Amino acid sequence: MAENIHLLEKEIHSSHNVTLFSNNHYANRIGALSSEYSISEHFHAYAKVIQELNRKYSQFNLSSKITSPVDAGFKPTDLTSFIGSVSSPSVPDNILTENSSTLVQENGFNLVLEQDL
């Protein structure tokens, strides 16, 4: 069963274990969600869970782990920079085409597809 974005937000909010934040445990779990939940369709849910993570980073003096850009309330203004910065083992880093060449990816998340004319 896939992890629930909203339950992960609540778990982050209630966690007081600094080690889980300092070793990127929660950040990697958020990154892994991108293989299950589309970022474009669940933008607000991702923004809220990352905002909660950033608040905890600030609370535990781990502000260097906050991935910019964020607004004054620690809400990310660009989700792709966060998703591109975390390890997501269930999401392949590259995609192979039919002839086994690597499909070029821009910024580690969005694909740029161009048609040959």
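Predicted model: local features only at pLDDT ≥ 70, side-chain atom pairs only at ≥ 80, totals over all residues.
**Exercise 1.** Classify the ring pair of phenylalanine 21 and tyrosine 57, and state which parts of the chain the pair ties together.

*Solution.* Step 1: the ring centres of phenylalanine 21 and tyrosine 57 are 6.4 Å apart, and the pairing limit is within 6.5 Å. Step 2: the angle between the planes is 80°, and planes over 60 degrees apart count as edge-to-face. The pair is edge-to-face. Step 3: phenylalanine 21 belongs to helix H2 (residues 18-22) and tyrosine 57 to helix H4 (residues 43-59), so the pair ties together parts that are 36 residues apart in sequence. Step 4: phenylalanine 21 is buried, at a relative accessible area of 0%.

**Exercise 2.** Find how many aromatic pairs the whole structure has, and which residues the ring pairs link into a cluster.

*Solution.* Step 1: the search gives three aromatic pairs. Step 2: one of them joins phenylalanine 21 and tyrosine 26, with 5.0 Å centre to centre and 45° between the planes, and is tilted. Both phenylalanine 21 and tyrosine 26 are buried. Step 3: the cluster linked by ring pairs consists of Phe21, Tyr26, Tyr57 and Phe60.

**Exercise 3.** Describe the order of the elements and the share of buried residues in the protein.

*Solution.* Step 1: the protein has five helices and four strands. Step 2: from the N terminus their order is α-α-α-α-α-β-β-β-β. Step 3: of the 117 residues, 31% are buried.

How values were computed. Residues numbered from 1 in each chain as written. Heavy atoms only, no water. Helix = DSSP H or I, 4+ residues; strand = E, 2+ residues; numbered from the N terminus. Buried < 20%, exposed > 50% of the residue type's maximum accessible area, 1.4 Å probe, protein only. Phe/Tyr/Trp six-rings, centres within 6.5 Å; stacked < 30°, edge-to-face > 60°.
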